[in-house]
Amino acid sequence: ARSIREELRNEVSAMAKQSKNFAPGLRIVQVGGREDSNVYIRMKIKAATEIGIDAVHVQLPRSITELELLNKINDLNDDPRVHGIIVQMPLDCDTSIDSHRITDAVSPEKDVDGLHTVNEGRLAIGDLGGFLPCTPWGCLELIRRSGVEITGARAVVLGRSKIVGTPAAELLKWANATVTVCHSKTRNLEEITRSADILVVGIGVAEMVKGSWIKPGAVVIDCGINVKPDSSKASGTRLVGDVDYEEARLVAGHLTPVPGGVGPMTVAMLMKNTVRSATRALKRLSQTQWSLQPLPLKPLRPVPSDIVIARAQNPKDIAVLAKEIGLQAREVSLYGNKKAKISLSVLQRLADREVGNYVVVAGMTPTPLGEGKTTTLMGLVQALGAHKSRNTMAALRQPSQGPTFGIKGGAAGGGYSQVIPMEEFNLHLTGDIHAVSAANNLLAAQLDTRIFHENTQKDKALYERLVPKIKGQRVFSAIQLRRLKRLGITKTDPDTLTEEEYGAFARLDIDPETIMWERVVDINDRYLRNVNVGLSPTEKGISRNTSFSISVASEIMAVLALSRCLEDMKRRLADMVVAFDRSGKPVTADDLGMTGALAVLLKDALEPNLMQSLEGTPVLVHAGPFANIAHGCNSIIADEIGLKLVGKDGFVCTEAGFGSDIGMEKFCNIKCRTSGRTPNAMVLVATVRAIKMHGGGAPVTPGAPLNKQYTEENLELVEKGLPNLLQHISNGKAFGMPVVVCLNQHAADTPAEHELVKKAALEAGAFAAVVSTHWADGGAGAEPLAEAVIKACSLNNPFRLLYDVALPLVDKMNKIATTMYGAGQVKLSSVAEEKVKRLTEAGFGNLPICMSKVSGSFTGDAKIKGAPKGFTLDVEDVYVSAGAGFVVAMCGEVTKMPGLPTRPAIYDIDLNTETGQIEGLF
């Protein structure tokens, strides 16, 4: 036993060198407080501590119920710090508890006692890869270390208990001994035991086996422990085994004493099982290659509709996918069997793991039909994950329901490169957007309500309602104490404030003309673009003009996307500026007392959602900020979890909304500046159709047939439209990223058109230019793209940001406009100039810029195509999103509330009441 403990001590020491924060963890669960059990527990903890195992005695009261005990064991099963669990028997409890149910509640992967039915079954069929019962395993180890040959030996096991006899017989059998099991009903017992080369005794009768029962020279392992009266001992008793030691030692070749024989070996093997479990856990932690099983794909011709393709594929159970990519059960909250939320605790568990390659997928200036950016991203991750066997994670924004029921349709990709199930993806998912809407509107309600109450009450009355007496005492809440601190008031007793301090604390004195906060709803509703609120007689004439935005345009959505943890999210929520007071100072959500309430509503929404591609590769879906109003990227948290899960040789492919001039610029200057991550490569999605449009082609209108210019070869139009693509290549290079141009092939394209585009892209400095057929062929069609991305990510990427945030706000706008758009300068309206001055004076001048402009042109006018140079970009308005951490510059008319078209997708969407399936989504 000492020898085994020394071996284990060395193994644990090696683990600590491999991972400094890692230690084997053992939990010993005891119900009640039997002293004999306490003796065993102390012995186990002492042995564990000497080895370097983190052993904890989990003592539970006698009054515990079976359900409470099962819940406790489940908690330990889910704890990644715990590698071994022992339930000390017998259970010393007041209630009726099924001990077998308890031992089987311990995860087989942590059952270091080896008593779980699964581990017992594995032993029975000769699978010794599970945990072996400690006492029988100790017996076998003793026999082996005695030098006696087990193979071919005749072994007799006296006793058939679950803990000793039966597993000992199995172990000896699989060690190639010829085994006989004897028990209380066995005839000719002495004759059988005398034939044994190896005799293992665990019958539970003191000194039953006499010397005459033993074959001369045999190995005798005594597993019994019994109390026998002995007047010569101070205690009046002594411990003896099931073998008469004094007689047996005269006959046996090897004999274990009691106590001091099998007992120490049992403890040693328990420690060995714990270290073995920890070794497996450490291996899983350090081994990043996933055991991903791709889903087979059989593309049809002609290519069916997106929903037909999605329905034809049978997705994996999301719990299976989560396990394949290295997530632990406690890190996954299942929403049905096709989607789940991922706990932020995974970032703590994988804190020391190196991150993977970071790829941003952007596009050229799109047509109104879109150029397949999400489809390309999905094709790329399917190629990397299912065909190139690389750990690969897609990271997407959650789509708004506005476009889903409007004209654009869903955003799950298309053809054979999709997120599935597409209905779940395009509709409610796990309710994150609804949580954002609720939080946003609660803040709006509190804002208007506070204005109402300040206008209808005197200072003292207002103060007494804000800090009411409860059981005769006034107490400031934590958020009210923060407001006092901002005001420079150090008092903490509400009754000690002066009249002046009452007023300063109670009155925010909001200037209604400066209110920036709008209510939101996640549908397209043009009639909410300009509304009056407060028209009810109960509001006493305190009304104002305002507007609604679509939910994904809420600053809270941007906060969700840019937060790095719960604490960071709370800070950002607190900092959100909703208006200015009459003296020009910003009024924040924290001033309105809203921070905690907002955080509570958004707590679950901060966890990313796990889904899958058509080929069974993982997809993280999280946050959905508008790309023209906000920064248009999925969450930092989703990317961070993805980068940790894929490991240093893996890939996280994330999307930036609209063209590179909008989404990619903000991805780099806002998102990467905030996260500290640097992208390894940029994929630039282009189509011949979009290039032709920018070359002067006929207008592309949703729902209308394409002009023949787009369905026939036209090299002249392609040539004229190339400057738009080349500006986007230049945009990627401005950040130091290698740019991989992906031509998303359409049926009407010709090889000559493709060659012309590829040649121009390479001459403009693109790292690679490839044609991809992922829409029709899935991941297989994107393999050339995947190979180019792998090569691009192997380069030493000199990533750099476009500007220093210390520059004045207008200088930062000019830097973006001249570099990303090709403009000559920006020109601010008088309103914008005044707001820039106000924001700078309020301390917001060092924030990044979020340019809000149309997506269909480099200019502020969507009708101007191509790549014009030297134009003036008009900035009409400026406002701060202080919580998100940027200043928004509004370039022209950009609506935050889309409208429904004459014939929205609503007409085609239906629910089949017989099958329960949703129809008409696209």
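**Reading features in a predicted model**

Colleague: I see that V156 has T180 as its bridge partner in β5. Which strands form the open sheet, and in what order?

Modeller: First, a word on what we are looking at. This is a predicted model, in which local features need pLDDT of at least 70 and side-chain atom pairs count only at pLDDT 80 or more, while totals for chains, interfaces and linings use all residues. Residues are numbered from 1 along each chain as its sequence is written, and side-chain values use heavy atoms, with hydrogens and water left out.

Now the general idea: strands of a sheet pair through backbone hydrogen bonds, either parallel or antiparallel. Here, the open sheet has five strands with parallel pairing, in the order β5-β4-β6-β7-β10. The edges are β5 (178–182) and β10 (254–255); each has a single partner strand, so one side of each is left without a neighbour in the sheet. Between β4 (residues 154–158) and β5, the parallel pairing runs over five bridges. Two strands count as paired if DSSP finds at least two bridges between them. Strands (E, at least two residues) and helices (H or I, at least four) are DSSP runs, numbered from the N terminus.

Colleague: How many helices and strands does the protein have?

Modeller: There are 33 helices and 37 strands. Of its 922 residues, 55% count as buried, where buried means under 20% relative accessible area, exposed over 50%, and partly exposed in between (1.4 Å probe, protein chains only).

Colleague: Now the rings. How many aromatic pairs does the structure hold?

Modeller: In general, a pair of aromatic rings is described by the distance of the centres and the angle of the planes. Rings of Phe, Tyr and Trp (its six-membered ring) pair if their centres lie within 6.5 Å; planes under 30 degrees apart count as stacked, over 60 as edge-to-face and the rest as tilted. This structure holds six such pairs. In one of them, Y463 and F476 have ring centres 6.5 Å apart and planes at 70°, so the pair is edge-to-face. It links distant parts of the chain, 13 residues apart: Y463 is in helix α18 (residues 459–466), F476 in the loop between β18 (473–474) and α19 (478–486).

Colleague: Are Y463 and F476 buried or exposed?

Modeller: Both are buried. Y463 also makes an edge-to-face pair with F505, with 5.7 Å between centres and 75° between planes. F505 belongs to helix α20 (residues 499–506), 42 residues away from Y463. Ring pairs join Y463, F476, Y502 and F505 into a cluster.

Colleague: How many disulfides are there?

Modeller: The idea is that a disulfide is a covalent bond between the sulfur atoms of two cysteines. This structure has zero disulfides, counting pairs of cysteine sulfur atoms within 2.5 Å. For C672, the nearest cysteine sulfur is that of C668, 5.2 Å away. C672 is buried, with a relative accessible area of 4%.

Colleague: One last residue, please. What does M813 touch?

Modeller: Touching here is a contact, meaning heavy atoms within 4.5 Å. Leaving aside residues up to four places away in sequence, M813 touches V826, L828, V836, I849, M851, V875, V878 and A889. M813 sits in helix α32 (residues 809–821), and it is buried, with a relative accessible area of 0%.
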